[in-house]
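Hello,

Here is the structure I promised to pass on. My notes follow below it.

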Amino acid sequence: MKRILKNRLFWPVLALVALIVINTIARPSFISITVQGGQLYGPLIDILRNSAPLMLVALGMTIVIATRGIDLSVGAVMAVSGAVALTIIEGSSDPNGLGTVLVAIVVGVLVALVLGVWNGFLVAVVGIQPIIATLVLMLAGRGIALLITGGFITTINSEPYKFMAQGYVLGLPFALYVSMAAVVVVALLERRTALGVLTEAVGINPEASRLAGVRSRGIIWGAYAASGLLAGLAGILYSSNIMAADANAAGLYIELDAILAVVLGGTSLMGGKFSLAGTVVGVFTIQTLKSTITFLGVPPAVSPLFLAIVVVIVVLVQSPRLRSVLARASQALRPRNSSPQGGSEVAS
Amino acid sequence: MTGIPVTVERASASGALRRFFSRRASWIPVLAALAILIVMFIGAQAYFGNFLTPRVISSLLLDNAYLLILAVGMTFVILTGGIDLSVGAVMAFTGMLGASLLRDGLPVGVVVPVMLLIGAAMGLAVGIMVQYFDVQPFIASLAAMFAARGLAFMVSLSSIRVEDPAILWLQSTRIQAAPGSWFITPTGILAILVVIVGALLLAYTRFGRTIYAIGGNEQSARLMGLPVVRTKLLAYVVSGVCAGLAGVVFTAYTGASYPLNGIGTELDTIAAVVIGGTLLTGGSGYVLGSMIGVLVYGSIKTVISFLGAEQSWTRITIGALLLLFVVVQRIIVARSSRR
C-alpha cells in the first residue's frame, strides 16, 4: 500500500479515476461504448480521439521541460503546419489523391521541424531563456500562418486528409493510433536508450552534465526539434478534424494545456526527472475534465475557470510547504510512539 | 546597480563614454530601444511624408494607453524575476465586471474602485501562490489567467455596452495639449501619470530599491534584512492594480466590454517590456524603457496600417524585434559577467 502511495503516478491516476467515477455517477452512459458498423462510439472513445493533438504536444513539452526549458510556440507551430498542409492540398489539382495528401503532411511536419530547430538554436546555441526564445515564434508564428493562408481560413475537401482525424481503423479512431505511436516511439527513445537519462542530467544541472561529458547542447537542441515535430503532427490532426486551417484558432492555448498536463503528470517545471506515463495520464485527465465541463452544461468559454481551480489544487498539493505542514499535522495527530520500530514507520 | 553619477570629466570623450557605458550598462538597452524608435519615426516620415504629424503621434499614445499601464505593472513583476501572464485576462474580467455593475445602475465612484480592488486581489492571489507555496510565477499567473478569463465569461458571454458618461468622458474628451492638432484624452493623461508614479516608485522609494535588490539576488536581499516577502507580494499587487486600471481605460477606449478582450495582450506587454530593455532575469530595467517599448510596438502597428499591409505583419515584426533585443541583452549580460 505504501509503495503504491509513494508512486509518482498515484495522485495523477487517482485524479483521473475520480473524474471518471464522478462522470459515470452523473450520467451512466459515460462509460458505455457502442459498436456501430464495426466502429466504437462513446464518450470515452471521443476523449481518446480528441486528446490526440494535446497528447502529441504534451509529449514534446515533457522532453523540453525535462531539459529545464519550456516551449510556448507549439500552438503557433500547429497553426503553421496546418496552414502549410492545407495550402498545398488546396493548390493541387488532385486534392483527393493519396500522394498529394502525403506530400502535404510531410511538408507541413517538416516545416514544423524547422521551426523547432530554430527554437532549439536560440536556446541551445545563442543561450536565450527558453520562455523568451519560444515567445518569439509564438508571436510571429501565427502571423506567418496568416500569411501562408493569405489571411483567410483555408477549407478543403480531401477524403484521405479527413481520414487522419476522423477515420477509423479496426474499430478505433486513427488519430488514437497516431498519438499512441508517438507515445511508444518517444518512450522507446527516451527509456530504452541513454537519451532519457542524459536529458534528465541536463535538466538537473546543465553545467555539471557538460563537465561530465554530456553534449548538453545537442540534447537541448534535439528536445526543441522533437517538440516542433510533434506540434507539427498535432497541427495536421487539428486541421484534419475541422478540415480548415484557421491561423488564429488552431492550437490556441494548447501550450498552456500541455504544460498543465505535464505538471499534472508529476514532472517538475524545474527540469530533471520526467514521467512520460504521467504526461499521458495528465492529458487524459485534462480531456476528461473538458468533456465533464461541457456535459455539466457550462458554456465552454467558462471552462478556463475550472482548469484554473484544478491547476491551483494540483500545484498546492505539490507545494513542499503545504506538504510539510500536512505532514506535521498528521504526525501531531498520531499517538506518540517511543519505540524505534514505530518511529521508523511514522517517519515514512 | 545604483552607480555613482559620472561627475569627473578628466578623461577624453571616449573615456567618458566608456565609463558611462560600464557604469550605466543597464541603460544601454533602453537607449537602443529609443534609437530604434527614432529611426522608425524618421524612416516612416521619409517614406510616407505625413507620419510625424501631431495627430498620428497623439493617437499613438491614446491607442496604446491600456498597454502602457499594463507594461508599467509588468515591469515591477519582471524586475523581481517573476512574470505575470494574467494581465490581459484580468483586464478583460475587470472590464466586464465594471460594465455589468454600471449597467445595474451603480455609480461610477463605486465601480472603478471595485475594479481596481479586484485587480489587486488577483495580483495578491498570484503573489501568495508564488511566495508562500513556491509555485513558479509562470504557473501561478497562468492559473490566474485561466480564472480571470473564465470569470469574464461568467459575467456575460456577449459584450456589454457602457453608457456611463464618466467612463466615456475619459476617452471622448480631447484636450488640446499644444498649438496645432496635438491632443490628449484623460486616458492618455492617466497612462502618463502611471508611468511617472511607477518610475518614481522604482527610483526613489525603499520599495523600489528592494525590488531591484530581489531581482539582482533574492537570497542576498533576504540576508540583508530587506522585506522580500512583502515586496514581492506588492509587486504582483501593483501589476494587478495596473491590470484593473487598464480594464477601466480599455472599456473607455472601446465603449464596451467584451470577454474576449485582451487575448494575447500579456504577450504584447511582455514583448514591450523586453524591447524596452528590462532583463527577464530581473534586477535591471526601467519603467521609462517599458514606455519606449510600448511606443515601438504602437509605431509598428501604425506603420503597418499606413502601409496598408496585413496586420499579421505586426506580430511577425514584433517577434523579430523581440529576438533582436533579446540577443542584444544576451551580449550585454555576457560582456558584463566576463568583466
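In chain B, 76% of the contacts between residues at least 6 apart in sequence join residues at least 24 apart. Two residues are in contact if their C-beta atoms, placed from the backbone, lie within 7 Å. This is a predicted model: local features need pLDDT of at least 70, side-chain atom pairs count only at pLDDT 80 or more, and totals for chains, interfaces and linings use all residues. Residues are numbered from 1 along each chain as its sequence is written, with chains lettered from A and ligands numbered from 1 in the order in which they are written.

Chain B has 15 helices and four strands. These are DSSP runs, numbered from the N terminus (helices: H or I, at least four residues; strands: E, at least two). Its radius of gyration, taken over C-alpha atoms, is 20 Å, close to the 20 Å that the globule rule (2.2 Å times the number of residues to the power 0.38) gives for 339 residues, so chain B is as compact as a globular protein of that length. The C-alpha trace of chain B spans about 65 × 55 × 35 Å along its principal axes.

Of the 339 residues of chain B, 52% count as buried. Buried means 20 or more other C-beta atoms within 10 Å of the residue's own, exposed means 12 or fewer, and partly exposed lies in between. In helix 8 (residues 165-172) of chain B, the buried residues are I167(B), L170(B) and Q171(B). They fall within an arc of 85° seen down the helix axis, so they line one face of helix 8. The arc is that of the directions from the axis to the C-beta atoms. Their cover includes helix 6 (108-132), helix 9 (186-204) and helix 12 (228-254) of chain B.

The largest nonpolar core has 217 residues, and I69(B) and L322(B) have the most contacts inside it. Such a core is a set of buried Ala, Val, Leu, Ile, Met, Phe, Trp, Tyr and Cys residues joined through C-beta atoms within 7 Å. Leaving out residues up to four places away in sequence, I69(B) touches A191(B), V194(B), C242(B), L245(B), A246(B) and V249(B).

Now chain A. An automatic or database assignment divides chain A into domain 1 (52-297) and domain 2 (304-331). Five residues of domain 1 of chain A contact five residues of domain 2 of chain A. On the domain 1 side, helix 13 of chain A gives the most, with three residues.

Best wishes
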